[in-house]
Amino acid sequence: MLIIAGHLEVDPDQRDAFVAAHQDLIRRARQAPGCLDLAITADPLDPARVNNYERWESSEHLEAWRKIAAAPRTGIAIRKDHVMQYGVSDVRPVFG
């Protein structure tokens, strides 16, 4: 399993537009083979921060998605990118 997690920084006045522009991408990704979860959300405390979280069954699924993802061209500059990819070898429930 792969997890991609972190955050982006954009102009605070454009953050909500950036998040909204990704709604279709999120919807399609969640239906893609191998996508276990994907979220691009506005941070509740930092007006410039966009949180990114993805969970994929495998790198093959992720690469197949990236070939067809067609991310929106928002024209909104990403000031900083703090998103990393993590390989997961141990998975267990936290609650329950």
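Q: What share of the contacts with a separation of 6 or more comes from residues 24 or more positions apart?
A: They account for 70% of those contacts in the protein. Contact means heavy atoms within 4.5 Å.

Q: Where do these coordinates come from?
A: This is a predicted model: local features need pLDDT of at least 70, side-chain atom pairs count only at pLDDT 80 or more, and totals for chains, interfaces and linings use all residues. Residues are numbered from 1 along each chain as its sequence is written, and side-chain values use heavy atoms, with hydrogens and water left out.

Q: OK, how many helices and strands does the protein have?
A: Three helices and four strands. From the N terminus on, the order is β-α-α-β-β-α-β. Helices (H or I, at least four residues) and strands (E, at least two) are DSSP runs, numbered from the N terminus.

Q: How much of the protein counts as buried?
A: Of its 96 residues, 33% count as buried. Buried means under 20% relative accessible area, exposed over 50%, and partly exposed in between, with a 1.4 Å probe and protein chains only.

Q: Which residues touch the most other members in the largest nonpolar core?
A: Phe18, Leu38, Ile40, Val50, Trp56 and Trp65, out of 19 residues in that core. The elements giving two or more residues to this core are β1 (2-10), α1 (15-21), α2 (23-31), β2, β3 and α3 (59-68). The largest share, four residues, comes from β1. A nonpolar core is a set of buried Ala, Val, Leu, Ile, Met, Phe, Trp, Tyr and Cys residues joined through side-chain atoms within 4.5 Å.

Q: What is Phe18 in contact with, leaving aside its neighbours within four places in sequence?
A: Leu8, Val10, Val50, Thr74, Ile76 and Ile78.

Q: And how many aromatic pairs does a search of the whole structure find?
A: One. Trp56 and Trp65 form a stacked pair, 6.4 Å centre to centre with 25° between the planes. Rings of Phe, Tyr and Trp (its six-membered ring) pair if their centres lie within 6.5 Å; planes under 30 degrees apart count as stacked, over 60 as edge-to-face and the rest as tilted.

Q: Are those two buried or exposed?
A: Both Trp56 and Trp65 are buried.

Q: New topic. Where does Asp46 lie?
A: Asp46 is in the loop between β2 (35-42) and β3 (49-56). Asp46 is partly exposed, with a relative accessible area of 30%.
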